[in-house]
Amino acid sequence: MSVNARSAQFSMRDALYEEPGPRTRRRIQIGTAIAAVVVAALLVVVVHQFWATGQLDPQYWLFFTQGTTWTFLFSGFLGTLSVSLTAAVIAIFLGFLLMLGRISGIRPLAAVCRIVTDFFRGVPSLLLIYFFFLVVPQYGIKLPAFWMITAPVALAASGVLAEVLRAGVNAVPRGQTEAALSIGMRPFRARMLIVVPQAIRFVIPSLISQLVVVVKDTTLAYVVSYPDLLQNARVLITNYDALVSTYFVAAIIYILLNYAINQLAVLASKKTGSGRVDRMTQNST
Amino acid sequence: MTTQDTTAPVIELRHVEKSFGDIHVLKDINLAVKTGEVVVVIGPSGSGKSTLCRTINRLESIDSGEILISGKPLPEEGAELAAVRAELGMVFQSFNLFAHMSILRNVTIGPTEVLGMSRADAEREAMELLERVGVADQAEKVPAQLSGGQQQRVAIARSLAMHPKAMLFDEPTSALDPEMINEVLDVMVRLAGQGMTMIVVTHEMSFARRVADRVVFMADGQILEEGAPEEFFENPKTERAREFLDSIRGH
């Protein structure tokens, strides 16, 4: 406990590995060099194969110099963004409710929330999409394509987010609840005022990282013909007969988007301090 | 002190039994604490003294027996239990300040959320309390920015803000660095001097000698001895207590 809270923050790397000595440093250098050679060789093979099969021919790449190509891809990108964001907001809301139900201490409610959470967590997103795409319309409910992709993606993510949030709740030391109860708060009050706010701070980075999964799930939009980035990329492929180059560009855009999301998570973890090892007030008896 | 029945002890335990699985942690505990009395509970670790302390505001339930607060049975749940807890201050070994709130908010949240006091009134009183325990200048910080001793004094202020009729201290100095123990004990000595009813589980024998009206010695889940501090420390009646006192004086 003498450890000052500020000096107690150290990175995961420091926590897991000791400082390498001279021999280890040498081994790391050799390993790095070998890895670099292998990666370079692989790259050469890939580029050579592309060249050999004619994938580097101008016909497959020139249409990327046209503004219309990018406008079309960008409209798909906006589609991906709007589905992702809407699904994320719904998933966080639903996940929060499921988590609250699960920790409510009311047995039947907790059981129902547990079943719902496990169901959405366990069922593949594609199956949920088929449900909204093929089953729901049979009951006369005609959803727009946007919702046929957004709703199932949101439901699938809600199960995962409920678990992430619950992990956050479990990470709040028991003493926090005890202190709240000891000043006369009812258990529900203690949970909402003391435990949940801290839990959310703990898991904000994980919640944001989880958005990457949501973004990847939205690529299933082609099933319902919603024009997201990948769907529009497929249209380009049919038009220009340029499969590899188009998928390559689409992949780069997805990677950049998800990298941005991850950076957001890193930023959030710095802001909330949840990334650091800070157990000053949490030592248990 | 006020209109309440002064003949009934503030806290009374009758034949309290408690087991964790196979471990019998409290065996036929009988204890009565009168208004203004300071009772210090000592004993080897694992003797059940912390559990005893925690049963009084039902952070730990009991298997059988009775706990009476001002003559009335301790409620088992709901608003009634919360109301009794609000009247019993509790100070923990690990401070348990609300980590996401400022020091000031830690002290005002009880009065505003439980007693329905206005934020302004609560803050005025909280500042006085923080002044009293000597951490008023830290009011805007968060708990992690304070030293252990400061955090524990804030925890005491947080309890006092509820105007408790008795306070429970569960090893309040055990998690502190040696140089911080006295600043917390000083606050507790002053509280005792002002007539606060206290049950203190501690290893601080000097505090027990100085402040206790009565010392309760526990071992293996039983109260083996109880009496005035001088008598207990000079002339322990049981072999177990003698061994315990020797072991802590041994160095």
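The second largest cavity has a volume of about 30 Å³. Please note that the model before you is predicted. Which residues line this second largest cavity? They are Val107(B), Pro111(B), Met117(B), Ala122(B), Glu125(B), Ala126(B), Leu129(B) and Ala161(B). By class, 7 of them are nonpolar, none is polar and 1 is charged. In chain B, helix H3 (103-113) and helix H4 (119-132) each contribute at least two residues to this lining, and H4(B) gives the most, with 4 residues.

Over the whole structure, the search finds 2 cavities of 30 Å³ or more. The largest cavity has a volume of about 60 Å³. Among the residues lining the largest cavity are Arg132(B), Leu160(B) and Gln194(B). Helix H6 of chain B, residues 178-193, supplies the most to that lining, with 3 residues. The lining of the largest cavity comprises 4 nonpolar, 1 polar and 2 charged residues.

I turn now to a pocket. The second largest pocket holds about 310 Å³ of space and is lined by 13 residues. Nearest its centre lie Arg174(A), Thr177(A), Leu181(A), Pro187(A) and Arg191(A). The largest share of the lining of this pocket, 4 residues, comes from H9(A). Its lining residues divide into 8 nonpolar, 1 polar and 4 charged.

Finally, the cysteines. How many disulfides are there over all chains? The count comes to 0. Cys113(A) is buried, with a relative accessible area of 8%, and Cys53(B) is buried, with a relative accessible area of 1%.

Key: Residues numbered from 1 in each chain as written. Chains lettered and ligands numbered in written order. Predicted model: local features only at pLDDT ≥ 70, side-chain atom pairs only at ≥ 80, totals over all residues. Heavy atoms only, no water. 1 Å grid on protein atoms, 1.4 Å probe; cavity = no way out; pocket = protein on both sides within 12 Å on 5 of 7 lines; lining within 4 Å. Points joined across faces, edges and corners; volume = space filled by probe spheres on them. Nonpolar A, V, L, I, M, F, W, Y, C, P; charged D, E, K, R; others polar. Disulfide = S-S within 2.5 Å. Buried < 20%, exposed > 50% of the residue type's maximum accessible area, 1.4 Å probe, protein only.
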